[in-house]
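Here is a friendly walk through the structure shown below. Keep the view open as you read, and take the topics one at a time.

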Amino acid sequence: MEGSTRTVAGQSHRLGSGGQIDRNAPLNFTFDGKTMTGFAGDTLASALVANGVRLVGRSFKYHRPRGILTAGPEEPNALVELRTGARREANTRATTAELYDGLVAQSQNRWPSLRNDLMSVNSLFSPIFVAGFYYKTFMWPAKFWEALYEPAIRRAAGLGKTAGIADPDHYDKAWAHCDVLVVGGGATGLAAALAAGRAGARVIICDDDSRLGGRLLSDGGEIDGIDALDWLQGAIAELSSLPNVRIMTRTAVFGVYDGGDFGVLERVNDHLPQPPEHQVRQRLWRISAKRSIVGAGAIERPIVFPGNDRPAVMMASAVRTYVNRFAALPGKRIALFVNNDDGWSTVDAIRRAGAEVAAVIDPRGKAAVGDYSGVRVVQGVVSDVGGGVDGVSSVTVNGAGGIQKIEADCLAMSGGWNPNLALSCFHRGKPAWRDDIAAFVPANAPTGMTMAGAANGDLSLGACLRTGHAAGAMAAAEAGAKGKAGNAAKASDEAFAIKPLWHVQVKGKAFVDFQHDVTASDVQLAQREGFESVEHLKRYTTLGMATDQGKTSNVTGLAIMADAVGRSIADTGTTVYRPPYAPVAIGALAGHNRDENFHATRLTPSHHWAAERGAVFVDTGLWKRAQWFPLPGETDWLQSVTREVLAVRNGVGFCDVSTLGKVDVRGADAGTFLDRVYINAFASLAVGKARYGLMLREDGIVMDDGTTSRLAEDHYLMTTTTAKAGPVMQHLEFCRQVLWPELDVQLSSATDQWAQFSIAGPRTRDLLQALVDPSEDMSNEGFPFMGVRTVKLRGGMDARLFRISFSGEMAFEIAVPARYGGAMARNLMIAGEPFGVTPYGTEALGVMRIEKGHVAGPELNGTTTAGDLGLGKMASKKKDFIGRVLSQREALTAPDRQVVVGIRPLDKARRLRSGAHIIPKGGIPGPETDQGYVTSVCFSPTQNQWLGLGLVSHGAERHGEIVKAHDPLRNETYDVELCSPVFYDPEGVRQRA
Amino acid sequence: MRIACPFCGARDSGEFTYLGDASPKRPAAPLDGGAAVEEQFYDYVYLRDNVAGFTREYWYHGGGCRSWLIAERSTTTHEFKSVAAAPGAGAAKTAQAGER
Amino acid sequence: MPDFLWNSQSPLEKAVIAGRHGAGKGTPGVSLSHVGDIALVQVMARRGRNADVAKAAKKLFGTETPAMLKVANGKSATLIWSGPDQFLAFSQQPRSAPSLEQMEEAFAGTASLSNQSDGRCLIRISGPSANDALAKLTSLDLHDSVFPVGAAATTSIDHTAVNFWREADDAGANPAYAMLVFTSFADTLWHLIVDSSLEYGVEVAAIGAGH
């Protein structure tokens, strides 16, 4: 006999036949250490049901015993820790976790064991754990919160534990594009995808289940005169045969964003113990769709009555799923508590499985349309559920004939169906109320989105197929597909009559939100305390704020609130819907971008050479730059950096400066253009010369600086700081395209084209003499300070040579095409070998610029003017330039502005720290006495002490004054002298030598 | 979101950078302009209408063709009504200074 | 003094590891290659000189300048549209292509040139799963109907600007693409592309041995 209660060995509640599981593929798994067996095709939940397991977890607040409520992604109760070790994942819904051989699951939120949970004493004190409990109780004294209350509450509350170690699996992200995105692979989605696919549209159909079919897999039925499961096979075959249709199972659409972009999570390998080699666990998709059809179905809602959270109280539709799809019996004598006709269809499923229907309790008191002869019908409501941690033993019914107890081991309930309309509301759409189905339906979906089938309130199978087909055909046509959509599949329109019943108003703890332990009395209390708005209700009671986001509870909660306030549900309204619809792992959002791939990395042309020399690298923006080059025996960064600085000051060194932004500025008006961008003049710059330039923002604050050279009449090469290369390019394009389109200027980034090295120190010319062709005149007259030209190098290479200095030494910058960057570094070592050439890194570069008083990032910090940097005299008075007008504002020219000064501790052994505040001698640190702060510091080998630059009020007039540096972080205060920022070679003799 | 660059077609919004209101125009700045010009620049740099609805605003297709664009976008729905190139995008010959 | 050796070095010399990587043993899902020492010049028309640029291009390369979002195949170079009124002149055989000096002369006064031969790095990707791997990298829709052979785009991969175009299908009738990435980003993007391709099996050609 079909679906007999004859069970499978070891699986006390597995039917001997039927279902969509593979009895030839047994799978072993453990739950709380106990080994059990299920079959391929099971979820963890269905396997637990088949093994007769009722108690699956403990609730969040009261630690009440909980079982499996649903059979889908809306599950609030049956959350487990899946897997072990680094792959342990907390709060996994057992109802969506596919079973695999060796699966290990642990219950959560209990100690020491699920059966004997000490925290369940919370339940005894439940009168004090009411809505707003934390707000009311732990208000005072305030300092107890961090020290006492929060740690204690955190231990008691919460659900599963994270693995605590890095996730060993990989995730990635991908884009997909289509004409029509179909969300949901049930009857509606299949009909839509078939229509759109036949019409020739590019279709993607997603379903979060492992297979297409939706409720067809659970409820069956008849479509086009054949069994619905046979029709399903045909529909899948046809979709698979269409090259323009892409089927994505195990794929949840969690959000819709502007312009038809969807956030989608594909659980690629969650159904396996671990992903196969080279594969990801999950993939985050961004699907860009011209049109979308949401056939996401509906979610059955519980009824609120005392004991409705007892294990083995289950949604009626879930009972049908476990019986029909998984051949697993949630109970052997099942009572039904329903207020609608659809719930009655569960009777057929229970009977066909050979189990007993204890009674159907329906406040309407009559059977739905259909053959229900022999079923005991009780007009009334369930007022209590008897039983223990392991489930139901009886159901108490308040009915026309008084109170009676009905023996049952499972209670199936149905309070009606809520269309799954979240996607239609993510753009602030508000749903509308429909009395005939007692539910909210979509009212104003985002542009391009069509809601269809049960998600739109069309609950019958016939209507799902009809509306899905129509939506598919229309979407395809709107997206430009020209083909024919074919005919819609047909099925009957079964009756759906409902009499709303939200809450059985009797004494006892009746749960609305199972996952957050919110009861009907919590909702009523919130109302009494004035939290009537649904948004206040949500935050005060935490209704709908758990990981299930209230999929089974939100509408019921606000219906109870509406009743308490005495308003209609429509007038009470819903809270704002926000993505994600389903939980999305942070790993999936990060995708490839973690660890060393956190962001893209830029390498300099001499990177590999520097790495071979053992350079220590530092991240500067996206770049990796050599920070210093330690030699054998050096134990301390300062030792290496000091050696590098002295080598440059006394001999010669070189440093890769390719990271500086380089922009080719070309065109007939290039000079005029630069005159307007920089505060100083560039049109007058002679060909073959370089000049330091400073550019402002339009508000008068310094934007960037750098050296710009004129290579030809109509060709300048601008350099920017490393950090600002991108923003400056964007600014220049704005000037070119928006502000001054009449100028003939073309811009191109040349940063990556050139390998550029700074060669600095008194022996620089000696080194260059060895490197350049003997015909080149390298004398001070032949190649003066700020000169630029192309020179020939020995061995047949052209290089651009710029006589510019950042270090204050006699220096050049030499540039060759990037492919010769490694060769240049090696050749500089060879050419400089007789002079003790030393490669140096960014630290030594920084020390030398501070010794020389050159400003850099810490001073060009978005608050300083040209005047603050001591560069005010550079500003031309003969032309307009960006930022000129507003830089003359009173506040930006005030005499008390903080300007760049040198800072030198009086105690030569004292280490100066950047960030220290400058206060007058004798002043007490505080906002009133604060006169500025230290921006840059270094240990200066030439001065043999720590020194720095700072921004100090009236600084230019205070050279020689002794003030205090105050460092509240390190609790240090010490005397420093304000001085000229140029500590080294103030006359600038060396760089012009 | 995808933004229809007039040169590149519809592209992912991640390729674009938003700058702000495209209505203010950089004032002429004579060297002896004085307080009046400073006032005009103050308006140009700082003063913006806070519009609920469609605004004209600058976007930069920096992750693509590096064109500056002027888009009409609704601040309430993020709908783009139009996206046009800045007057000086590409090699267009523009006789007069400033925006068209 | 000794003469100095000036060996050119690819930014991918460490990254490219020739051979089969990732899943499977049969036909690789993705083929990757890199060719160094290319010639690449960015050509940007001067204001109002578009027509002159087209004429000069025709004379020099035997082809019109590329239409918007397209490549044009010239006799010694491929011209890749890279933005309004600008293109990249690309050649894999620098010796047979016009030199920078010849180009400067041909476009004198009509276009501004910027030598990018070392500023960009050429990466090619093809194969039956090339589109799947690229779906992880680019937000472009690479469907035949949207991005056919000869289509070009300036876009971003991992927030990094790239010039991307579709070349003729490979010998197995699979789509084939070329991209020019900024040299300093080449190493990081190469690793990203390889990682994205591993699940399909990827065959990496030795440097310079690509198609």
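**Strands and hairpins in chain A**

Strand β15 of chain A (residues 251-257) is mostly covered, with five of its seven residues buried. Please keep in mind that this is a predicted model.

- β15(A) runs antiparallel to strand β16 of chain A (residues 261-266), and six bridges join the two.
- Three residues lie between the strands in the hairpin of β15(A) and β16(A), where A:G259 takes a positive phi near 70°.
- Strand β23 of chain A (residues 380-388) is also mostly covered, as seven of its nine residues are buried.
- β23(A) and strand β24 of chain A (residues 391-399) run antiparallel and are joined by eight bridges.
- A:V385 of this pair stands opposite A:V395 in β24(A).
- The link from β23(A) to β24(A) is a hairpin through two residues.

**A covered helix in chain A**

- Helix α21 of chain A (residues 821-832) has 12 residues and spans 16 Å from its first C-alpha to its last, close to the 16 Å expected at 1.5 Å a residue.
- How many of the 12 residues of α21(A) are buried? Nine of them are, so α21(A) counts as mostly covered.
- Among the buried residues of α21(A) are A:M824, A:N827 and A:L828, along with A:G821 and A:G832.
- The cover over these buried residues includes the helices α16 (607-612) and α20 (764-771) of chain A.
- Strands take part in that cover too, including β36 (653-656), β42 (754-760) and β45 (811-817) of chain A.

**Where chain A meets chain C**

- This contact takes 41 residues from chain A and 43 residues from chain C.
- On the chain A side, the elements that give two or more residues are β10 (171-183), β33 (602-603), β37 (661-666), β41 (746-749), α20 and α21 of chain A.
- Which element of chain A gives the most to this side? That is β10(A), with six residues.
- By class, the chain A side divides into 16 nonpolar, 14 polar and 11 charged residues.

**The sheet in chain C**

- Five strands of chain C form an open sheet in the order β4-β5-β6-β3-β7, with antiparallel pairing.
- β4 (71-73) and β7 (111-115) of chain C each have a single partner strand and stand at the edges, so one side of each is left without a neighbour in the sheet.
- From one strand to the next, the twist of this sheet averages 25°.
- Strand β3 of chain C (residues 39-45) pairs with β7(C) in the antiparallel sense, over five bridges.
- C:V43 is placed opposite C:L113 in β7(C).
- Helix α1 of chain C (residues 50-61) lies across β3, β5 (78-83) and β7 of chain C, and α1(C) runs at about 150° to β3(C).

**The two domains of chain C**

- Chain C is divided into domain 1, made of 19-36 + 119-204, and domain 2, which covers 39-115.
- Taken over C-alpha atoms, the centres of domain 1 and domain 2 of chain C are separated by 25 Å.
- Domain 1 of chain C brings 10 residues to the contact between them, and domain 2 of chain C brings 11 residues.
- On the domain 1 side of chain C, β9 (152-157) and β10 (160-167) of chain C each supply at least two residues.
- β9(C) gives the most to that side, with three residues.
- The domain 1 side of this contact in chain C has six nonpolar, three polar and one charged residues.

**Chain B at a glance**

- Chain B has one helix and six strands.
- Starting from the N terminus, the elements of chain B follow the order β-β-β-α-β-β-β.
- Along the principal axes, the C-alpha atoms of chain B fill a box of roughly 45 × 35 × 20 Å.
- Of the 100 residues in chain B, 32% are buried.
- Among chain B contacts between residues at least 6 apart in sequence, 47% join residues at least 24 apart.

Notes: Residues are numbered from 1 along each chain as its sequence is written. Chains are lettered from A and ligands numbered from 1 in the order in which they are written. This is a predicted model: local features need pLDDT of at least 70, side-chain atom pairs count only at pLDDT 80 or more; totals for chains, interfaces and linings use all residues. Two strands pair if DSSP finds at least two bridges between them. Helices (H or I, at least four residues) and strands (E, at least two) are DSSP runs, numbered from the N terminus. Axes are lines fitted to C-alpha atoms, for helices over the stretch in contact, and angles run from 0 to 180 degrees between N-to-C directions. Two residues are in contact if their C-beta atoms, placed from the backbone, lie within 7 Å. Domain bounds come from an automatic or database domain assignment. Ala, Val, Leu, Ile, Met, Phe, Trp, Tyr, Cys and Pro count as nonpolar, Asp, Glu, Lys and Arg as charged, and the others, Gly among them, as polar. A residue is buried if 20 or more other C-beta atoms lie within 10 Å of its own, exposed if 12 or fewer, and partly exposed in between; C-beta atoms are placed from the backbone. The expected span of a helix is 1.5 Å times one less than its number of residues.
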